[in-house]
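Hi there,

Here is the structure I promised to pass on to you. Have a look at it first, and then read my notes below.

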Amino acid sequence: MAKRDYYEILEVSKSASKEELKKAYRQKALQFHPDRNPGDKSAEDKFKEAAEAYDVLGDDNKRSRYDQFGHAGVNGQQGGGGYGGGFDMEDIFSRFGDVFSDFGFGGFGGGSRGGGRNVRKGTNLRVKVKLNLNEISDGVEKKIKVRKLVSCKICSGSGAKDNSSFHTCSSCKGSGYVTRVQRTILGNMQSSAPCSACSGEGKIIVNKCPKCSGEGVANEEEIITLNIPAGVADGMQLSVSGRGNAARRGGVNGDLIVLVEEEKHPEFIRDENNLIYDLLISIPDAITGAPVEIPTLDGRVKVKVEPGTPSGKLLKLRGKGLPDVNGYRRGDLIVRILIYIPSSVSKDERKILEKLNESDSFNPEVAKKDKNFFDRFRNYFD
């Protein structure tokens, strides 16, 4: 099924402010929070859907790309399921726990998600990928090598020498959170916050891993396969969920942010989804007409230059441009006719030209008397 519009999900207008977006998301998060809807799969799906919408609309860059390109601008693939498509519960609570921390739920919404322990998120990783027009036209699979933080293979990301190298945090008794009770005129108000003694982990490392020194991560090279969708543009950013840096001592990986760099084409100029090609023809061909070959991204095609074609006339080859990133349609190839004027001619050529200039067919004053001349000329540029 096609993804719903993010503004529709949060029930806000496209001009909504950040505060209005946050308020709308809080309402949705409260309505569909798993602790209020235990065992309700539909509510959990709506909870995730609202988080995904807020993740995009609450970020200025993501919101701008979404407003311009729709879901493909932030997911990199029509209909989602590709870059950044899909949130798990731990991801949501680690990113937006502060939004509903005052709802009366635990930081993770209860013991079903790790006893309320804080989950770290790794940092995002940014890379640039150069693409030519053929790759943009068809979409392409790219393998890139990146150096990033990965989970330590010796301790499996725990940061400890072995399983016996932990002890339960005495401050929070292993919960990862400490609870405070404050008396108010309305009665006792209870709130919870991550334990400062164990940084919300609920346990403390006694003997650290010798490989990562207790960090749980190591710097290594990794080959990542990217599926770039057709129709992307220079400067567009695609987000690959969970392929960024690993978090210290477990948690949620950051994202891989892919910046598209479009290589300049030797023959075509890109204008959104259209391509422009300058066709240089001779004066005789412009006068008498001629069949010519035009390059396209799919190979060469033949077109006919009609007799009497002026410089600047535009020919349109429908569907020979680039696809829309949302998959709606392809652009066109616009052929711009340019007539070659030599900078110098031989004596014999000059005599021929002077002779032709005496003919009424080459006299612009005669042409002006033709009432339809300028109408036809203007039509060339429609």
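Which residue in E13 is the bridge partner of Ile 294? It is Val 301. Before going on, please note that this is a predicted model, in which local features need pLDDT of at least 70 and side-chain atom pairs count only at pLDDT 80 or more, while totals for chains, interfaces and linings use all residues. Residues are numbered from 1 along each chain as its sequence is written, and side-chain values use heavy atoms, leaving out hydrogens and water.

Strands E12 (residues 290–296) and E13 (residues 299–305) run antiparallel and are joined by seven bridges. They make a hairpin, with two residues between them. Strands here are DSSP runs of E with at least two residues, helices are runs of H or I with at least four, and both are numbered from the N terminus. Two strands pair if DSSP finds at least two bridges between them. Five of the seven residues of E12 are buried (under 20% relative accessible area, with a 1.4 Å probe and protein chains only), so E12 is largely enclosed by the rest of the structure.

Now to a sheet. Three strands form an open sheet in the order E1-E9-E8, with mixed pairing. E1 (125–131) and E8 (237–240) are at the edges with a single partner strand each, so one side of each has no neighbour in the sheet. E1 pairs with E9 (residues 256–262) in the parallel sense, over seven bridges. Val 129 stands opposite Val 260 in E9.

Lastly, Asp 55 is part of helix H3 (residues 41–57), and Asp 55 counts as buried because its relative accessibility is 13%.

Enjoy exploring!

Technical notes:
Buried means under 20% relative accessible area, exposed over 50%, partly exposed in between (1.4 Å probe, protein chains only).
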